[in-house]
Amino acid sequence: MADTADTDNQPDWAACVARVAEQRCRDSFMQLFDHYAPRLNSYLRQQGASAELAEELAQEALLSLWRKAALYNPEKAQVSTWLFRIARNLMIDQLRRERGIAYDSAEAADEPVMEDEAPDATDAETLRRKIATLPQEQLTLVYKNFFEGKSHAEIATETGQPLGSVKSRLRAALQRLRGQLEAEVH
Amino acid sequence: MIHHHPEDATLISHAAGALPAAMALVVGCHLESCTRCRRVVAQAETIGGALIDSLEPQALKPQARRSILERLDQPEPTGVSPQPADLSDLPNPQLPKKLRQLLGTQALEQQRWRSAGPGVRLLKLDCGEGSAMLMDIAPNYRVPVHSHRGTELTLILDGAYDDALGHFAPGDVADLDHQIEHQPAAGPQGCLCLAGLDAPVRYKALLPRLLQPLFGL
């Protein structure tokens, strides 16, 4: 691609995880730690974790990566997606415990992703660029949903939009980001 | 073959961890049997990952680097998280795994059902956030016309029902918000479904509405 975003200068995270898995490479691990721990910390703070808990869980997520690195499959998910799932489940386990009944395990690193359900993991750069081009109103909703953990109803109340608009805008955001979904429902 | 799925917005919220527990339970049970929706959730998780990557970093305490390096050498703690009940010991093998874990060791018939009118009985599930219940509708019974104050997700477990939105059979999900008014009619086998609500249901006719507090709907 012609336009080069900052993210293009990032190390190859999948290769870092591979070195952690195969050689127990601490330098690679610390590269991952230095990049992701402060971001996961940020994510967990916005979900409502105290400063102390957010740091603890961010470290916990990276420790999970250290221990489960061999289970990571770069063809199935981006490193960022993998860490997102781990951190989200830690968040649910610690902050939204009652939601745990709906997720398979607190250890997202163990969860298998089946062949037929894995999205194409090769286009994360494109995805990041597309996120940056989302209309502000969609971006705000995605952000509130993902980072503030707010339900559709809460977002509707907070932003003064009808519930239906919140849902259709979230749907529009997903479609714009991921292209055509294979099944049109309803 | 599943014909009715949760809305994409609902699946995105599930991926984000933002659905109230009662609704997340319904989605989780649906995902057990729906490849299409597992794929949408995986796509939404990719968005979650990309958002993490573009978040403004918030530095950890300076000693965090040293402390994590020390922890790498420590053995993994074992037995910290409670193990879910062994499924093979649980009854109700026909139900989704997550529901079986929630129902525990009692068979469906031995659970504390209560009547909610002539053709419906309910089993309230303890989910801590929102309200979740199993709803057992008698063969050919028509549920009174109602809409919902919030969102209701209903997963068909057994039997079927029909309403203006179509035919709902096992695995199908009705994802209804307050704009939708419906009157489900159970099929000849009746209909067993799992419903998750984030707010109480609103009935249209006066009588059922007065009855609402009694049913806890």
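I'll start with two helices. In chain B, the axes of helix H1, residues 8-16, and helix H3, residues 35-53, come within 8 Å and cross at roughly 55°. Keep in mind that this is a predicted model. An angle from 65 to 115 degrees would count as roughly perpendicular, and one under 35 as roughly parallel; H1(B) and H3(B) are therefore oblique to each other. The crossing of H1(B) past H3(B) is right-handed.

Which residues of H1(B) meet H3(B)? They are Asp8(B), Leu11(B), Ile12(B), His14(B), Ala15(B) and Ala16(B). On the H3(B) side, the residues are Cys37(B), Val40(B), Val41(B), Ala44(B), Glu45(B) and Gly48(B). Sorted by class, this contact has eight nonpolar, two polar and two charged residues.

Now the strands, also in chain B. Strand E1, residues 114-115, runs antiparallel to strand E2, residues 120-125, and two bridges join them. Ser115(B) has Arg121(B) in E2(B) as its bridge partner. Four residues lie between the strands in this hairpin, and one to look at is Gly117(B), which takes a positive phi near 100°.

E2(B) also pairs with strand E3, residues 131-137 of chain B. How many bridges join E2(B) to E3(B)? Six, and again the two strands run antiparallel. Within this pair, Leu123(B) stands opposite Leu134(B) of E3(B). The hairpin of E2(B) and E3(B) has five residues between its strands, and there Gly128(B) takes a positive phi near 80°.

Terms used
Residues are numbered from 1 along each chain as its sequence is written. Chains are lettered from A and ligands numbered from 1 in the order in which they are written. This is a predicted model: local features need pLDDT of at least 70, side-chain atom pairs count only at pLDDT 80 or more; totals for chains, interfaces and linings use all residues. Two strands pair if DSSP finds at least two bridges between them. Axes are lines fitted to C-alpha atoms, for helices over the stretch in contact, and angles run from 0 to 180 degrees between N-to-C directions. Angles under 35 degrees count as roughly parallel, over 145 as roughly antiparallel, 65 to 115 as roughly perpendicular and the rest as oblique. A crossing is left-handed if the near helix is turned anticlockwise from the far one by less than a right angle, and right-handed if clockwise. Two residues are in contact if their C-beta atoms, placed from the backbone, lie within 7 Å. Ala, Val, Leu, Ile, Met, Phe, Trp, Tyr, Cys and Pro count as nonpolar, Asp, Glu, Lys and Arg as charged, and the others, Gly among them, as polar.
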